[in-house]
Amino acid sequence: MGQRLICCLDAPSALQPPPLLPVRRKLLLLCIMLFLWLYMFYSCAGSCASVPGLAGRPAAAAGAGEAAATAGAHGEGLQVLSKLLRRAPSGGAKGLAGSAAAFPSEPREEQSAAPDPTSPISSFFNGSGTKKLPQAIIIGVKKGGTRALLEFLRVHPDIRAVGAEPHFFDRNYEQGFAWYRDLMPRTLDGQITMEKTPSYFVTKEAPARISAMSRGTKLIVVVRDPVTRAISDYTQTLSKKPDIPTFESLTFKNRTTGLIDTSWSAIQIGIYAKHLENWLLYFPIGQILFVSGERLISDPAGELGRVQDFLGLKRIITDKHFYFNKTKGFPCLKKAEGSSKPHCLGKTKGRTHPNIDREVVQRLREFYRPFNMKFYQMTGHDFGWD
């Protein structure tokens, strides 16, 4: 009995549990590895923001956000991550979107109270950038080619545009800038937010309202032969209301005397010089780019080059992006935004115009000629409509 007791006392390992594994060390090592992975991902995200097809992918960024949230449960690890992120490059904005002084993203009356939504850490944890007020707007004109221009521009990786027309500065201004901003797509550093609403150009209040948002906003106007534009406008209305009067009867107040009815919107929109005078009260002529609707069809890459230069962007959209669709009679994209398939505008674009009396067309050309000449002088560009 005594020998058994002594034997047991001599063998302590039989009674004591094995030593504990260094669990804390392993957890700390795991956290550090996770934080280093996040740091590498964040640094990579900044350099990939301008690559076509990579910018603005919410799924991948959201996954990184969830991982960061999980890591945030470890107090000591969070401090390490914070230090690493502060050292990470911010991927500075370039061109138009990079100049905060020239293109503030907030209306002046709201800037002092608004938090900074564009910091690198905020954008990273947000997952897909931030919503900003537009830095460039296509303000006109109706039936000039604004939809085609917007669709072409959306191919550029540094342009993010809302698809539907917001009509903020003409119909929904009372909704406020927060409502307007919420309509915009999310953008990353270096990307430009855009929208297009063609009726702004002929809205009296629009210039002052856009100037109140930001005096640095860049404006784009797509103009077209006013006679052809008026017929196209009528054609669109006719497709919706087949029982409307003829183009000829709507054009004149008195056909016998040849007096043109300038109250008809199809005619009134084409008096470009009159509308431009209102815009020049708030914006310098150099801040407005006039795009030729005719050249947008005959030389889309050339006109898109001018637009990209105007916006301070690299010329990425070139001839290789277009092919001419003989059925529709205008250029189409070989690859649309977010797609590998060819894309043309819908069936509502490129409608066949009705035959209009030649005398009426000639009278309209005579009516528009002095306004066109003044418009050429104001813009410094002869569009060749006469």
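Guide: Gladly. A salt bridge here is a side-chain nitrogen of Lys or Arg within 4 Å of a carboxyl oxygen of Asp or Glu. This is a predicted model, where local features need pLDDT of at least 70 and side-chain atom pairs count only at pLDDT 80 or more, while totals for chains, interfaces and linings use all residues. Residues are numbered from 1 along each chain as its sequence is written, and side-chain values use heavy atoms, with hydrogens and water left out.

Visitor: How many salt bridges does this rule give?

Guide: The count comes to 14. One of them joins Asp233 to Lys142, with the closest N and O atoms 3.2 Å apart.

Visitor: Where in the chain do Asp233 and Lys142 lie?

Guide: Helices (H or I, at least four residues) and strands (E, at least two) are DSSP runs, numbered from the N terminus. Asp233 belongs to helix 9 (residues 226–240), and Lys142 to the loop between strand 2 and helix 6, so this pair links distant parts of the chain, 91 residues apart.

Visitor: Are these two residues buried or exposed?

Guide: Buried means under 20% relative accessible area, exposed over 50%, and partly exposed in between (1.4 Å probe, protein chains only). Asp233 has a relative accessible area of 2%, so Asp233 is buried. Lys142 counts as partly exposed because its relative accessibility is 32%.

Visitor: What does the UniProt record say about Lys143?

Guide: An unreviewed UniProt entry has the annotation "active site" covering Lys143. UniProt positions are given in the numbering used here, feature names are shortened, and annotations may be inferred rather than shown by experiment. Lys143 sits in the loop between strand 2 (136–140) and helix 6 (146–153). With a relative accessible area of 16%, Lys143 is buried.

Visitor: Which residue pairs with Glu277?

Guide: Lys374 does, in a salt bridge of 2.4 Å, N to O. This pair also links distant parts of the chain: Glu277 is in helix 12 (residues 272–279) and Lys374 in helix 15, 97 residues apart. Glu277 is partly exposed at 36%, and Lys374 is partly exposed at 37%.

Visitor: Which residues are linked in a network of salt bridges?

Guide: Arg295, Asp299, Glu303 and Arg306 form such a network.
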